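Subject: Structure handover

Hi there,

Here is the structure I promised to pass on to you. Please have it open while you read, as my notes follow below.

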Amino acid sequence: MDATLDCGPLLGHTGPMPVCGLAGDEQGVLHAWSCEWACADAPLAVTLVGAEPIVPIAGDATEPVASALARLTQYARGYGAIVALGNPGAALGPERMALAQGVRLFAFTTAEDEACWDAALSAGLPVYGLRDQLRIDLGSARRRDAGAALLSLAYGLFTCGQGLVPAELEETRSGVRWRFDEPVTASVIVRGGFEANTVQGDTGSWTDRGTEGYVRLAFTAGQRRCWSQPRLVMAGSAHG
């Protein structure tokens, strides 16, 4: 992972956000704007992140969360920015995930947040999870800058975690394999948030069966954790 870029904490941030390489050298700067609005039916916490500074807009206490979220996602498009929902559980809940259309990133700091993420994925929404530190592995990509980091955030080409980083994480059309520099416990999560398998050790793999809907991985080593982003699995796409 010699091309890893570190975005640092993103949620709740407003202003420039340096993107750094492994040695701490700055590769570029993203820009974020965060808001916490008291909407008519629930609180809403959102972060917009893009390649240029984002001018704040005001909330409306008479506006429901669904309308506010739609307004923010439309506003973000004008900047080419990505929308991150910071409190999916409190703002919408798992049963209202269809209202998160246009949101690209979900924070999951609580069990309800994580259930919202799985509910959104199960409904076919392409959303990626945010928690703690973000690590983007660009591999052999020619660009290693903030622009590349923004694209990686938009397409889920990153991991997030608390002090745990895979040495290798390789995804293919038929599965995924991983390697750590220490033993970990890997949970394979599929449609509905169901844990399909648990793998122990410093290496492991999963071969798609074609019925998962999506596959995401959660790794633990002691108190440290790491999460991969979901891979969409289509029926009939698995290979033996």
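This is a predicted model: local features need pLDDT of at least 70, side-chain atom pairs count only at pLDDT 80 or more; totals for chains, interfaces and linings use all residues.

First, the overall picture. The chain has 240 residues, and buried ones make up 48% of them. Taking contacts between residues at least 6 apart in sequence, 52% join residues at least 24 apart.

The largest pocket has a volume of about 580 Å³. It is lined by 27 residues, and the closest to its centre are G156, E171, Q229, P230 and R231. Which elements each supply at least two residues of that lining? They are α3, β8 (133-137), β10 (168-171), β13 (213-221) and β15. Of these, β8 gives the most, with three residues.

**R231**

One of the residues closest to the pocket centre is R231, which is found in strand β15 (residues 231-233). Is R231 buried or exposed? Its relative accessibility is 8%, so R231 counts as buried, the cut-off for buried being under 20%. A polar atom of the R231 side chain lies 3.4 Å from the backbone oxygen of T172. Setting aside neighbours within four places in sequence, R231 is in contact with E171, T172, R173, S174, G175, V176, D208, G213, Y214 and V215.

**Helix α4 and what follows it**

Helix α4 (residues 146-154) is largely enclosed by the rest of the structure, because seven of its nine residues are buried. Those buried residues are A146, A148, A149, L150, S152, L153 and A154. As for Y155, the charged end of R104 sits over its ring, 5.5 Å from the ring centre.

**Aromatic pairs**

The structure holds five aromatic pairs. One of them joins F108 and W227 edge-to-face, at 5.1 Å centre to centre and with 90° between the planes. Why does this pair tie together parts that are 119 residues apart in sequence? Because F108 lies in the loop between β6 (105-107) and α3 (111-122), while W227 lies in strand β14 (residues 224-227). Both F108 and W227 are buried. Together with W117, F108 and W227 form one aromatic cluster.

**Two further residues**

D132 is found in the loop between β7 (128-130) and β8. With 39% relative accessibility, D132 counts as partly exposed, a class that runs between the 20% and 50% cut-offs.

The other residue is A70, in helix α1 (residues 65-77). A70 also counts as partly exposed, because its relative accessibility is 41%. A70 and L99 are 29 residues apart in sequence, and their C-alpha atoms are 8.3 Å apart in space.

Best wishes

Methods
Residues are numbered from 1 along each chain as its sequence is written. Side-chain values use heavy atoms; hydrogens and water are left out. Helices (H or I, at least four residues) and strands (E, at least two) are DSSP runs, numbered from the N terminus. Buried means under 20% relative accessible area, exposed over 50%, partly exposed in between (1.4 Å probe, protein chains only). A polar contact is a pair of N or O atoms within 3.5 Å; within protein, one must be able to donate a hydrogen and the other to accept it, and residues adjacent in sequence count only if both atoms are side-chain atoms. Contact means heavy atoms within 4.5 Å. Rings of Phe, Tyr and Trp (its six-membered ring) pair if their centres lie within 6.5 Å; planes under 30 degrees apart count as stacked, over 60 as edge-to-face and the rest as tilted. A charge sits over a ring if NZ of Lys or CZ of Arg is within 6 Å of the ring centre and within 35 degrees of the ring normal. On a 1 Å grid over the protein atoms alone, a cavity is a set of points where a 1.4 Å probe fits but cannot get out, and a pocket is an open set with protein on both sides within 12 Å along at least five of seven lines; lining residues have an atom within 4 Å of a point. Grid points are joined across faces, edges and corners, and a volume is the space filled by probe spheres set on the points.
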